[in-house]
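Me: I would like to learn how to read a protein structure, one feature at a time. Could we go through one together?

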Amino acid sequence: MTDEIGLADFERVDIRVGTVVSAAPLDGARKPAITLEIDFGPEVGIKRSSAQITVHHEPAALVGRQVAAVVNFPPRRIAGFVSEVLTLGFPDVDGAVVLVGPDLPVPDGGRLF
């Protein structure tokens with residue numbers, strides 16, 4: 001377990017839900033990854049993300065799926081691709097990423113609380 005944080009610290013991390021509108025393999029990455037375009041609704045818009053999710057997720061199957069992401073981290077360049085949000089997941093028993101998303105459809109752009 002890590003150090004405790006206050007509610008104010010948690011509230012600074014802007015975690016939103018969005019729908020994947022496109023997905024493709026990321027060419028040139030050191031580790032296999034998929035690029036995502038995610039629609040976070042009118043307030044945030046469409047953002048791009050690179051995620052190492054190739055073990056459990058195929059690009060075509062991701063389109064239309066809702067995922068959670070941190071939308072207020074600074075952009076990062078990965079293999080020439082600018083990742084604007086951090087798509088969230090949990091590690092399986094072998095450390096491969098399993099994406100996080102709502103069980104039922106929710107409006108894009110909804111903030112985690």
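Me: What should I know about the model before starting?

Reply: This is a predicted model, in which local features need pLDDT of at least 70 and side-chain atom pairs count only at pLDDT 80 or more, while totals for chains, interfaces and linings use all residues. Residues are numbered from 1 along each chain as its sequence is written, and side-chain values use heavy atoms, with hydrogens and water left out.

Me: How many salt bridges are there by the rule used here?

Reply: A salt bridge is a side-chain nitrogen of Lys or Arg within 4 Å of a carboxyl oxygen of Asp or Glu. By this rule the count comes to three. Asp14 and Arg16 form one of them, at 2.6 Å from N to O. Asp14 also meets Arg111 in a salt bridge, at 3.3 Å from N to O. This pair links distant parts of the chain, 97 residues apart: Asp14 is in the loop between H1 and E1, and Arg111 is in the segment after strand E9 (97-99). Helices (H or I, at least four residues) and strands (E, at least two) are DSSP runs, numbered from the N terminus.

Me: Which residue forms a salt bridge with Arg16 with the closest N and O atoms 3.5 Å apart?

Reply: That residue is Glu43. Here too the pair links distant parts of the chain, with Arg16 in strand E1 and Glu43 in helix H2 (residues 41-44), 27 residues apart.

Me: Is Asp14 buried or exposed?

Reply: Buried means under 20% relative accessible area, exposed over 50%, and partly exposed in between (1.4 Å probe, protein chains only). Asp14 is buried because its relative accessible area is 13%. Arg16 is buried as well, at 9%. Arg111 has 36% relative accessibility, so Arg111 counts as partly exposed. Glu43 counts as exposed, at 66%.

Me: Which residues does Asp14 touch, not counting those up to four places away in sequence?

Reply: Contact means heavy atoms within 4.5 Å. On that basis Asp14 touches Ala69, Val70, Val71, Asn72 and Arg111.

Me: What is the order of strands in the open sheet?

Reply: Strands of a sheet pair through backbone hydrogen bonds, either parallel or antiparallel. Two strands pair if DSSP finds at least two bridges between them. In this model five strands make an open sheet in the order E3-E2-E1-E4-E7, with antiparallel pairing. Strand E3 (46-51) and strand E7 (86-87) stand at the edges with a single partner strand each, so one side of each has no neighbour in the sheet. E1 and strand E4 (residues 66-70) pair in the antiparallel sense over five bridges. Within E4, Gln66 is the bridge partner of Thr19.

Me: Which residues make the nonpolar surface patch?

Reply: Patches are made of residues with over 30% relative accessible area and no salt bridge; like charges are joined within 9 Å, and nonpolar side chains (Val, Leu, Ile, Met, Phe, Trp, Tyr) within 5 Å. Accessible areas come from the Shrake-Rupley method with a 1.4 Å probe, and for residues only the protein chains shown count as cover. Ile5, Leu7, Phe10 and Leu112 make a patch of about 410 Å². Of these, Ile5 lies in the segment before H1 and is exposed, with a relative accessible area of 58%.
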